Amino acid sequence: MDLGLGGKAAFVTGGSQGIGLAIARALVAEGASVVVCGRDEGRLAQCGVPGVQADVTDPEQLGRAVDEAARRLGGLDLVVANAGGSFGGGLLDSTPQEWADTFAINALHAAHAIRTAVPHFERRGGGSALIISSITGWKPGPRSSYAAAKAAEIHLAAALAQELGPRGIRVNALSPGSVEFEGGGWAWVRDNRPEDFARFAREDFPRGRLVTLDEVADTALFVLSSRASGVSGANIRVDAAQDHPSSGRLFP
Ligand SMILES: NC(=O)c1ccc[n+]([C@@H]2O[C@H](COP(=O)([O-])OP(=O)(O)OC[C@H]3O[C@@H](n4cnc5c(N)ncnc54)[C@H](OP(=O)(O)O)[C@@H]3O)[C@@H](O)[C@H]2O)c1
């Protein structure tokens, strides 16, 4: 299937490693032009995709990065709000600031990235945005701030699909299950707690292994592409039927 992504211009937040980088590389392989952003300049320089340094939790830096990507690429067709993470643990062992930080790097950054991209999309006659949420966004997990922020991302995609649809803009969420890749948290568990990891893979995944970067990226590209023109406001699970977040006990 030709996804028709050749010649498209894309911006990916948190795209210097992990899932964001996998999506960025897959877009490049389909002939798209891509700019990613991240905080660490060294990591950006080494990731192999053009990058702009920005902390997405600062709306000014994020807005400048979106505009800079559009300037470098001559416009913008696609945005992937991928940056994310969590600060603090459950409600009783985290601070209000940790909750604010967790919402800032997840749902709030996604909203601002898309807000800033809208005028660029409109100049092209429309656009497609994808928010990387999590399995924890649709089934609650142990870190309540992260769970709530990821749930907000799924709802944000659905609400923005309605708000921006009349402007020719599609917005979707993609919710990965636990993804295993070198340098990621699950690779750490695999290498440092091999028996626990093997049990996790066996018991939590019907096929016996975690999700791969390629599985997330391939689905992301389809949803971003015009071949998915009928898909907007959706939450696409890429969890290999994991169906519930990990208990969180596998990490230190
Ligand atoms: N890995 C999983 O199993 C999994 C499962 C479900 C959902 N997800 C979601 O998928 C997304 C990507 O996760 P990942 O595991 O690929 O993450 P990762 O490997 O930790 O990579 C995070 C990327 O985001 C950048 N980043 C982090 N904080 C940033 C900030 N404040 N401003 C700009 N860039 C920032 C990092 O670069 P710098 O550090 O240099 O800024 C890096 O490029 C997240 O939204 C996460 O919640 C992951």
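This is a predicted model: local features need pLDDT of at least 70, side-chain atom pairs count only at pLDDT 80 or more; totals for chains, interfaces and linings use all residues.
Local features were taken only at pLDDT of at least 70 and side-chain atom pairs only at pLDDT 80 or more, whereas totals for chains, interfaces and linings use all residues. Residues are numbered from 1 along each chain as its sequence is written, and side-chain values use heavy atoms, without hydrogens or water.

The chain holds eight helices and seven strands. Both are DSSP runs numbered from the N terminus (helices: H or I, at least four residues; strands: E, at least two). The radius of gyration is 17 Å, close to the 18 Å from the globule rule for 252 residues, so the chain is as compact as a globular protein of that length. This radius is taken over C-alpha atoms, and the rule is 2.2 Å times the number of residues to the power 0.38. The C-alpha trace spans about 50 × 45 × 40 Å along its principal axes.

An unreviewed UniProt entry places the feature "domain: Ketoreductase" at residues 8–177. Such annotations may be inferred rather than shown by experiment; positions follow the numbering used here, and feature names are shortened. The span is 48% helix and 19% strand, and its end C-alpha atoms lie 28 Å apart.

Helix α4 (residues 96–123) and helix α5 (residues 144–164) have axes that come within 8 Å and cross at roughly 15 degrees. Axes are lines fitted to C-alpha atoms, for helices over the stretch in contact; angles between N-to-C directions run from 0 to 180 degrees. The two helices are therefore roughly parallel. The α4–α5 crossing is right-handed. In a right-handed crossing the near helix is turned clockwise from the far one by less than a right angle; anticlockwise is left-handed. Contacting residues (heavy atoms within 4.5 Å) include Trp99, Phe103 and Ile114 in α4, and Tyr146, Leu156 and Leu160 in α5. By class, this contact has 14 nonpolar, four polar and two charged residues. Nonpolar covers Ala, Val, Leu, Ile, Met, Phe, Trp, Tyr, Cys and Pro; charged covers Asp, Glu, Lys and Arg; the others, Gly among them, are polar.

Helix α1 (residues 18–29) packs on helix α8 (residues 213–224) at about 55 degrees, with axes 9 Å apart. That makes the pair oblique. Their crossing is right-handed. Gly18, Ile19, Ala22, Ile23, Ala26 and Leu27 in α1 meet Leu213, Val216, Ala217, Ala220, Leu221 and Leu224 in α8. The contact has 11 nonpolar, one polar and no charged residues.

Helix α6 (residues 185–192) and helix α7 (residues 194–204) pack at about 120 degrees, with axes 5 Å apart. They too are oblique.

How values were computed. Angles under 35 degrees count as roughly parallel, over 145 as roughly antiparallel, 65 to 115 as roughly perpendicular and the rest as oblique.
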